[in-house]
Amino acid sequence: MSETLNLLLLATWQTVYMVAVSVLIAAVFGVPLGVLLMVTGRGQILQNDLLNKVLGTVVNVLRSVPFIILLIVLIPFTRWLVGKAIGTTAAIVPLSAAAIPFMGRLTETALREVDRGVIEAAQAMGASPLQIITRVLIPEALPSIAAGITITTINLVGYSAMAGVIGGGGLGDLAVRYGYQRFMLDIMLYTVAILVVMVQLIQVAGDLCVRRLSKNR
Amino acid sequence: MIRIRNLTKVYRSASGNVRALDNVNLDIEKGDIFGVIGLSGAGKSTLLRCINMLEKPTSGSIEIDGVEMTRLSPNELKEMRKKIGMIFQHFNLLSSRTVRGNVAFPLEIAGLDRETINKKVENLLKLVGLSDKAESYPSQLSGGQKQRVGIARALANDPKVLLCDEATSALDPETTLSILNLLKDINRQLGITIVLITHEMNVIKQICNKVAVIEKSRVVEQGPLLEIFSNPTTEIARNFLKSVTLSQLPEELKDRITNLNHGHLEDKIVKISFFGEITAQPVISDIVRKFDVDANILYGNIDHIQGTPCGTLVVELRGNNGGTGEALEYLKKLGLNVEVVENV
């Protein structure tokens, strides 16, 4: 029993670690990417057709590669970046690579929902594009961006199940290696139960954040 | 103050070019409350947005205080915009900020220090009567209160000009009146030139001293309000005036007039429109005495525009031996607009 428990604890920790770091990286790079996608769009404050097209294409390509393929394709890049191609830390690289463009699109959508009139009002007051981004767009879209981070986190929990392919470990890997390949049904059930609880917790926490942020609006 | 010359704005789109403004010329003096009236789609919103370059004119010139707006660099334009306040039909407040935060916003943009901002915000909130709502969020305010926040925000950087984009169109009549009065006070106390666009003649009548009528992308009429009111030269201006003066008789009255019309041949029902000074003269009792006619007032309406009375009377005249005809001649000679109502 204690061996099972140890397995589960380790795998849970690995999943939490991979997802947490990846979502952090996704937010740090994905939100600015989303801002760029939005402001360079047609009719927006920093319209730039070329940049918008290039960014949009890169995002679409990254998002259309199946994650399992991305894991493998990125191996040389991962080795160059973190010095190794297998293990839990190495898995963070492909996870982030998948989550950044996703977060970018969600952020872009969130920013697009900001009332045009409010942007226009800021322009009429003589605000610069940077001031509009930092003082109007992001604060106004913050609840939606928080909701986007929640969705990205839950997506990453799902992706992390495939991290076993490059030895990343985690709950999904445990379920496959023990639950499926060794017919240990109990481990399979435990891992699924933990994943369900984990996703529930993320959703509840995310909703709470969104509600906090949109208080009084 | 604001000089607009040959302003043209063309929107290019796949389905062809749309001429939103066609060779517009306007002169707005310092201290004016200048109203631009037109139906939706006439181009008035584009005109207003060209003044602070939210829309880039296709050709023509816009001068504010001698500064040619169309030739400013992005940085110069930002500085200039700080001196041009703007308020909107849908208020466009930041939902993430309190009333205080919203009013502070343009001051932060201008880079003022915290202390100055706080002091200015207090004064502005006092000016618009919202000191007790400083910590409320826009969603907790009524439409009128939101527009007051909008006004306080627009005034924050001590502008010389205030642009009003259908500022009262989303408000009920009572709130509209209070907002208009606030704008009038601001114009008087702070000497700020106001340019407002609207589709409601009532708004123009209430506060403007000058008006331009815009139709199909062109300014078809402009001048002091009283002039336009007393002598509208275009159909569109007359139509707008109908909404605030009595041009359309009430239904109930029409039935009565139809019945009365079957009476004596010389009996006439006349509509007399009067304007200004003449209102003070006892014209009705004059004609009764001079021409031996009986006058029965069926309907009347007197209004004040910029302090000048104007109105309409519907009078039934009954006379003998040509008295009615002479009375009508007399009224016309006095400069009154007299119209015999025959078919209603």
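1. Basis. The model is predicted: local features need pLDDT of at least 70, side-chain atom pairs count only at pLDDT 80 or more, and totals for chains, interfaces and linings use all residues, while side-chain values use heavy atoms, without hydrogens and water. Residues are numbered from 1 along each chain as its sequence is written, and chains are lettered from A and ligands numbered from 1 in the order in which they are written.

2. UniProt, in an unreviewed entry, places "domain: ABC transmembrane type-1" at residues 12-203 of chain A; its positions are given in the numbering used here, with shortened feature names, and annotations may be inferred rather than shown by experiment. That stretch of chain A is 80% helix and 0% strand, with its end C-alpha atoms 17 Å apart. Helices (H or I, at least four residues) and strands (E, at least two) are DSSP runs, numbered from the N terminus. For chain B, UniProt lists "domain: ABC transporter" (unreviewed entry) at residues 2-241; here the chain is 38% helix and 28% strand, and the end C-alpha atoms are 26 Å apart.

3. Strand β13(B). Of the 12 residues of strand β13 (residues 308-319) of chain B, 11 are buried, so the strand is largely enclosed by the rest of the structure. Buried means under 20% relative accessible area (1.4 Å probe, protein chains only).

4. Partners of β13(B). Strand β12 (residues 293-305) of chain B runs antiparallel to β13(B) and is joined to it by 12 bridges; strands pair if DSSP finds at least two bridges between them. B:V293 has B:G319 as its bridge partner. The hairpin of β12(B) and β13(B) has 2 residues between the strands, and B:Q306 takes a positive phi near 50° there. Strand β11 (residues 268-275) of chain B is also antiparallel to β13(B), with 8 bridges, and B:V270 is partnered by B:V315.

5. Largest cavity. Its volume is about 110 Å³, a volume being the space filled by probe spheres set on grid points joined across faces, edges and corners. A cavity is a set of points, on a 1 Å grid over the protein atoms alone, where a 1.4 Å probe fits but cannot get out; lining residues have an atom within 4 Å of a point. The lining has 14 residues, with A:M125, B:I84, B:G85, B:R153 and B:A154 nearest the centre. β6(B) gives the most, with 4 residues.

Terms used
Buried means under 20% relative accessible area, exposed over 50%, partly exposed in between (1.4 Å probe, protein chains only). On a 1 Å grid over the protein atoms alone, a cavity is a set of points where a 1.4 Å probe fits but cannot get out, and a pocket is an open set with protein on both sides within 12 Å along at least five of seven lines; lining residues have an atom within 4 Å of a point.
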